[in-house]
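This report looks at one protein chain and at how some of its side chains meet. Please keep the sequence and the model in view while reading.

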Amino acid sequence: MIALFFFSALLWDEAGAWGFRDGVLHNSIWLERAAGVYHREARSGKYRLTYAEAKAVCEYEGGHLATYQQLEAARKIGFHVCAAGWMAKGRVGYPIVKAGANCGFGKTGIVDYGIRLNRSERWDAYCYNPNGKECGGVFTDSKHIFKSPGYPNEYENKQICYWHIRVRYGQRIHLQFLEFDVEEDTSCLADYLEIYDSYDDINGFVGR
C-alpha cells in the first residue's frame, strides 16, 4: 500500500492572492496542524458542532479538545485560522497570527469568546493530538511530488493524510499518479483517496 503523486498548477488567469478570498484565509476541511493542534469542521459544513459533538470528534480521532494554552502554543508557531471553534472546558475562540480587518477584529492572539454557558451553540472544533498519524501538508509550488509516509514501503495502519494544494484563482490543478497501490476493496471503505475541489467536503467532493 504505497502512493506517489505529482501535481502541477496550470496557469489560466492570475487573479487574487494565494489561498485568500475576500481578505480571509480559507482552508480545507482538515486544516493545517501545528504543535499537535488542528481545526476540524463538521462534514456538513462550518459551525455545525455542539460542544458534545466537537468533543466526540476529537476523541474519535484519538485526541481531545485543545486547551487555550495548547491553541496559543500553536498560534505562536504560525497556526492561523479565521474560524471560531470549541476548546476544552466549553471555551470558544480562534488563533490569529496576522491582524486583519476581516478577521480577529484587527488584533493578534487568541480571539476568545470565553466559556459558553450554552453548550448547544454550534461552532467548529480545535483538537489536540500530538501522537496522531495524520500526515500531509500545504503546497503552493507550481510543481510538486508528494508520497505516502515510508514510501516505497507500505504506510502504517490507520494512516490519515491530508494534502492541501493552493493555487491562484483561475488556475487549474493537474494531478498525475506515478504509482498507486492501496488495499483492494470494491466499496472503497478500507484504504482510499478522495479528491475535493472546494473548502466544502460535501459540495466540493470530486470522487473517491
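## Thr-50 and its contacts

Leaving aside its neighbours within four places in sequence, Thr-50 is in contact with Trp-86, Arg-119, Ser-120, Glu-121 and Arg-122; contact means heavy atoms within 4.5 Å. Thr-50 sits in the loop between strand E4 (37-40) and H1. Helices (H or I, at least four residues) and strands (E, at least two) are DSSP runs, numbered from the N terminus. Thr-50 counts as buried because its relative accessibility is 11%. Buried means under 20% relative accessible area, exposed over 50%, and partly exposed in between (1.4 Å probe, protein chains only).

This is a predicted model, in which local features need pLDDT of at least 70 and side-chain atom pairs count only at pLDDT 80 or more, while totals for chains, interfaces and linings use all residues. Residues are numbered from 1 along each chain as its sequence is written, and side-chain values use heavy atoms, with hydrogens and water left out.

## Salt bridges

How many salt bridges are there? The count comes to 5, where a salt bridge is a side-chain nitrogen of Lys or Arg within 4 Å of a carboxyl oxygen of Asp or Glu. In one of them, Arg-122 pairs with Glu-53, with the closest N and O atoms 3.2 Å apart. Arg-122 lies in the loop between strand E8 (109-115) and strand E9 (124-128), and Glu-53 in helix H1 (residues 51-60), so this pair ties together parts that are 69 residues apart in sequence. Arg-122 is partly exposed at 44% relative accessible area, and Glu-53 is partly exposed at 34%.

Glu-121 forms a salt bridge with Arg-116, their closest N and O atoms being 2.8 Å apart. Arg-75 and Glu-72 form another, also with 2.8 Å between the closest N and O atoms. Both of these residues lie in helix H2 (residues 68-76), 3 residues apart, about one turn of the helix. Arg-75 counts as buried at 15% relative accessibility, and Glu-72 counts as buried at 17%.

## Aromatic rings

The count of aromatic pairs is 6. Rings of Phe, Tyr and Trp (its six-membered ring) pair if their centres lie within 6.5 Å; planes under 30 degrees apart count as stacked, over 60 as edge-to-face and the rest as tilted. Tyr-94 and Tyr-113 form an edge-to-face pair, 6.1 Å centre to centre with 90° between the planes. Tyr-94 lies in strand E7 (residues 91-96) and Tyr-113 in strand E8, so the pair ties together parts that are 19 residues apart in sequence. Is Tyr-94 buried or exposed? Tyr-94 is buried, with a relative accessible area of 6%, whereas Tyr-113 is partly exposed at 30%.

Phe-177 and Phe-180 also pair edge-to-face, at 5.5 Å centre to centre and 70° between the planes. Ring pairs link Tyr-47, Tyr-94, Tyr-113 and Trp-123 into a cluster.

## A surface patch

Phe-177, Phe-180, Ile-195 and Val-206 make a nonpolar surface patch of about 340 Å². Patches are made of residues with over 30% relative accessible area and no salt bridge: like charges are joined within 9 Å, nonpolar side chains (Val, Leu, Ile, Met, Phe, Trp, Tyr) within 5 Å. Accessible areas come from the Shrake-Rupley method with a 1.4 Å probe; for residues, only the protein chains shown count as cover. Ile-195, in strand E14 (residues 195-196), is partly exposed at 32%.

## The whole chain

The protein chain has 2 helices and 15 strands. Buried residues make up 38% of its 208 residues.
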